[in-house]
Amino acid sequence: MAGALTFASIPILRPLSCRKMPKNSFRIRASTEISEPTVESSSQGSSDARVSTSKPTFSAPPNFKAPEPKRFGIRPDRTLDILGASLSLIFRLGTGVFADGYSVSLVSKDEIPSDQYALEFAGFKLKESSKLGPRPEKPIEIYEFESCPFCRKVREIVAVLDIDVLYYPCPRNGPNFRPKAAQMGGKKMFPYMVDPNTGVAMYESNDIIKYLVNKYGDGQVPLLLSLGLLTTLTEGFAMIGRMGRGQSYTPAKMPPKPLVFWAYEGSPFCKVVREVLVELELPHIQRSCARGSPKRQDLYARVGHFQVPYLEDPNTGVQMFESAEIVDYLKATYAL
């Protein structure tokens with residue numbers, strides 16, 4: 001199902017608790033051999049994930065075949081999930097959908113070569129662009145979790161600035177990265193950011209946002225991220241349709257390498273996959289690609305198609321589109 005939509009620390013709110021998600025039955029099962037690997041970030045700074053000396057081997061589920069991408073298709077059993085995740089577009093007025101300095105114009109389809117990504121309709125194409133700041137050499141590291149309004153604020157600015165992030169999920173009761181974040185920063189508070197390019201580490205979503213726009217943007221915090229309490233409240237309202245998802249840990253096997261996830265915060269299709277990545281505590285590098293992002297062309301050039309979410313799993317070699325099938329794959333491969 002496609003996720004390319006075209007719609008133009010001290011917390012004062014705590015995520016609501018939820019019951020542990022029951023294990024569902026899946027149509028695919030993973031074949032793995034594993035010796036308890038541990039993925040770690042370096043203290044204050046390297047984006048490389050390191051593992052223990054054991055060498056686990058992962059493989060895709062038996063008879064697995066990556067699905068063909070289906071633009072704007074929703075698998076019937078996931079319709080309510082996508083509708084619930086879409087509420088954020090209303091409450092946040094599309095924040096996280098567009099890259100900084102986004103602009104668009106309608107041009108003749110002949111003006112944009114066929115090997116360049118562009119939406120086409122009625123004989124015309126959309127010419128999209130953005131104005132981005134300096135690019136970080138290494139991915140920013142962020143410890144956070146879904147179902148947290150403060151973490152969502154930071155994810156939105158990541159999409160706006162179009163920067164890549166190595167996310168270390170910290171769901172409630174997660175045994176790996178939640179304790180690691182507390183050890184590194186000295187507080188049980190999220191989000192927590194480490195910039196391996198500068199050595200800067202910090203808590204507080206507003207401080208993180210200001211740092212990122214000053215370092216990798218034009219220095220201006222977007223209006224909808226600068227309204228104080230109103231921003232926090234609307235961030236909380238944006239998660240009503242997915243209340244509690246991506247909050248609590250589901251026992252899982254730890255991969256030796258971070259997964260690579262092409263996505264952006266404003267997409268409901270991407271959100272339902274990220275919830276599972278967080279619940280399974282799977283570290284992942286997110287290749288941000290909101291509207292106007294040049295990385296849309298990067299993905300188009302690599303696979304001949306642009307659509308998100310798109311998952312690359314270096315542990316199994318699997319590369320795939322379609323959010324519902326990605327969710328099934330992640331659970332079958334990594335959930336215990």
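**Group meeting: a walk through the model**

I will start with E322, a residue in the loop between β13 (318–320) and α8 (323–334). Helices and strands here are DSSP runs, numbered from the N terminus, where a helix is H or I over at least four residues and a strand is E over at least two.

Before going on, a word on the source. This is a predicted model, in which local features need pLDDT of at least 70 and side-chain atom pairs count only at pLDDT 80 or more, while totals for chains, interfaces and linings use all residues. Residues are numbered from 1 along each chain as its sequence is written, and side-chain values use heavy atoms, with hydrogens and water left out.

Back to E322. Its phi is near 75°, which is a positive value in a residue other than glycine. Is E322 buried or exposed? With a relative accessibility of 1%, E322 counts as buried. Buried means under 20% relative accessible area, exposed means over 50%, and partly exposed is in between, with a 1.4 Å probe and protein chains only.

E322 also has a charged partner. K70 and E322 form a salt bridge, and their closest N and O atoms are 4.0 Å apart. This pair links distant parts of the chain: K70 sits in the loop between β2 (57–59) and α1, E322 in the loop between β13 and α8, and they are 252 residues apart. K70 counts as partly exposed, at 41% relative accessibility. By salt bridge I mean a side-chain nitrogen of Lys or Arg within 4 Å of a carboxyl oxygen of Asp or Glu.

How many salt bridges does the structure hold? The total is 25. Among them is the one between R302 and E312, with the closest N and O atoms 2.4 Å apart. R302 is in helix α7 and E312 in strand β12, so this pair ties together parts that are 10 residues apart in sequence. R302 is exposed, at 51% relative accessible area, whereas E312 counts as buried at 10%. Salt bridges with shared partners also join R92, E144, E146, R152, R155, E156, E235, E265, K271 and R274 into one network. Another salt bridge joins the side chains of R78 and D81, at 3.3 Å from N to O, and both of these residues are buried.

R274, from that network, has a second contact: R274 lies over the face of Y167, 4.5 Å from the ring centre. The rule for a charge over a ring is NZ of Lys or CZ of Arg within 6 Å of the ring centre and within 35 degrees of the ring normal.

Next, rings with rings. The whole structure has 12 aromatic pairs. Y143 and Y168 have ring centres 4.9 Å apart and planes at 25°, so they are stacked. Y143 is in strand β6 and Y168 in strand β7 (residues 165–169), so the pair ties together parts 25 residues apart in sequence. Y143 counts as buried at 0% relative accessibility, and Y168 is buried with a relative accessible area of 0%. Ring pairs link Y143, Y168, F177, Y192 and Y203 into a cluster. For the cut-offs, rings of Phe, Tyr and Trp (its six-membered ring) pair if their centres lie within 6.5 Å; planes under 30 degrees apart are stacked, over 60 edge-to-face, and the rest tilted.

Now backbone details. S147 has a phi near 65°, positive in a residue other than glycine. S147 lies in the loop between β6 (140–144) and α2 (149–161) and is buried, with a relative accessible area of 6%. Where are the cis peptide bonds? One runs from F190 to P191, with omega near 5°, and P191 is in the loop between α3 (177–185) and β8 (192–195). Another joins V308 and P309, with omega about 5°, and P309 is in the loop between α7 (295–303) and β12 (310–313).

On cysteines, the count of disulfides, meaning cysteine sulfur pairs within 2.5 Å, is 0. The sulfur of C151 has its closest cysteine sulfur in C148, 3.2 Å away, which is too far for a bond.

Last, the surface. I90, F91, L229, L233, F237, I240 and M243 make a nonpolar patch of about 630 Å². Two or more residues come from each of α1 (79–91) and α5 (229–237), and α5 gives the most, with 3. Patches are made of residues with over 30% relative accessible area and no salt bridge, joining like charges within 9 Å and nonpolar side chains (Val, Leu, Ile, Met, Phe, Trp, Tyr) within 5 Å. Accessible areas come from the Shrake-Rupley method with a 1.4 Å probe, and for residues only the protein chains shown count as cover.
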